[in-house]
Amino acid sequence: MFAVIKTGGKQYKVAKGSKIVIEKLDAEKGAAVDFDQVLAVGDKIGTPLVAGAKVRGVVVEHGRDDKVVVFKKKRRKNYRRMNSHRQSHTVVDITNIG
């Protein structure tokens, strides 16, 4: 069985035992987290959410993604700007879909 959850402004298709990388959550490593915004469970599709559905997971680790470099340039104008960004993420192991 699979479910579609919404967290961090994105949607994820999850199944029991799968690991997902999502935007950083304020939870300790090893803590249980519940996802209440469940859009679909199996063949049941919510309007917009499935009533009473909940997905439970355990925080495995916190980390940061690779660096993304943003470089702007205008030719022949001596205009160069460089920025970079590393997004924080959380790895969650899905334990139960109910």
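1. Let's start with one of the sheets. Strands β2, β1, β5 and β6 line up in that order as an open, antiparallel sheet of 4 strands. At its edges stand β2 (10-15) and β6 (44-45); each has a single partner strand, so one side of each is left without a neighbour in the sheet. Here a strand is a DSSP run of E with at least two residues, numbered from the N terminus, and two strands pair if DSSP finds at least two bridges between them.

2. A word on the model before going further. This is a predicted model, in which local features need pLDDT of at least 70 and side-chain atom pairs count only at pLDDT 80 or more, while totals for chains, interfaces and linings use all residues. Residues are numbered from 1 along each chain as its sequence is written, and side-chain values use heavy atoms, with hydrogens and water left out.

3. Inside that sheet, β1 (residues 2-7) pairs with β5 (residues 38-41) in the antiparallel sense, over 3 bridges. If you want a place to look, Ala3 stands opposite Val41 in β5.

4. Another open sheet has 4 strands in the order β3-β10-β7-β4, again with antiparallel pairing. Its edge strands, β3 (19-23) and β4 (32-35), each pair on one side only. On average, neighbouring strands of this sheet are turned by 45° against each other, direction ignored; the axes behind that angle are lines fitted to C-alpha atoms, and angles run from 0 to 180 degrees between N-to-C directions.

5. With β7 (residues 55-64), β10 (residues 88-97) forms an antiparallel pair over 9 bridges. Val92 of β10 is the bridge partner of Val59, and His89 of β10 is the partner of Gly63. On the β3 side, 5 bridges join β3 to β10, and these two strands run antiparallel; one of the residue pairs to find there is Lys19 with Asp93.

6. Where does Thr90 lie? Thr90 is in strand β10 and is buried, with a relative accessible area of 0% (buried means under 20%, exposed over 50%, partly exposed in between, using a 1.4 Å probe and protein chains only). Its side chain reaches the backbone nitrogen of Leu25 at 3.1 Å. Leaving aside neighbours within four places in sequence, Thr90 is in contact (heavy atoms within 4.5 Å) with residues including Ile20, Ile22, Leu25, Val59 and Glu61.

7. Now for the largest nonpolar core, which has 18 residues; Ile5, Val14, Phe35, Val55, Val92 and Ile94 touch the most other members. Such a core is a set of buried Ala, Val, Leu, Ile, Met, Phe, Trp, Tyr and Cys residues joined through side-chain atoms within 4.5 Å. The elements that give two or more residues to this core are β1, β2, β3, β4, β5, β7 and β10, and β10 gives the most, with 3 residues. Beyond its neighbours within four places in sequence, Ile94 is in contact with several residues, among them Val14, Ile20, Phe35 and Val55.

8. Finally, the whole protein. There are 0 helices and 10 strands. The C-alpha trace spans about 60 × 30 × 20 Å along its principal axes. The radius of gyration is 18 Å, whereas a compact globule of 98 residues would have one near 13 Å; this radius is taken over C-alpha atoms, and the globule rule is 2.2 Å times the number of residues to the power 0.38. Of the 98 residues, 28% count as buried. Among contacts with a separation of 6 or more, 59% come from residues 24 or more positions apart.

How values were computed. Polar contact = N/O pair within 3.5 Å; in protein donor to acceptor, adjacent residues only side chain to side chain.
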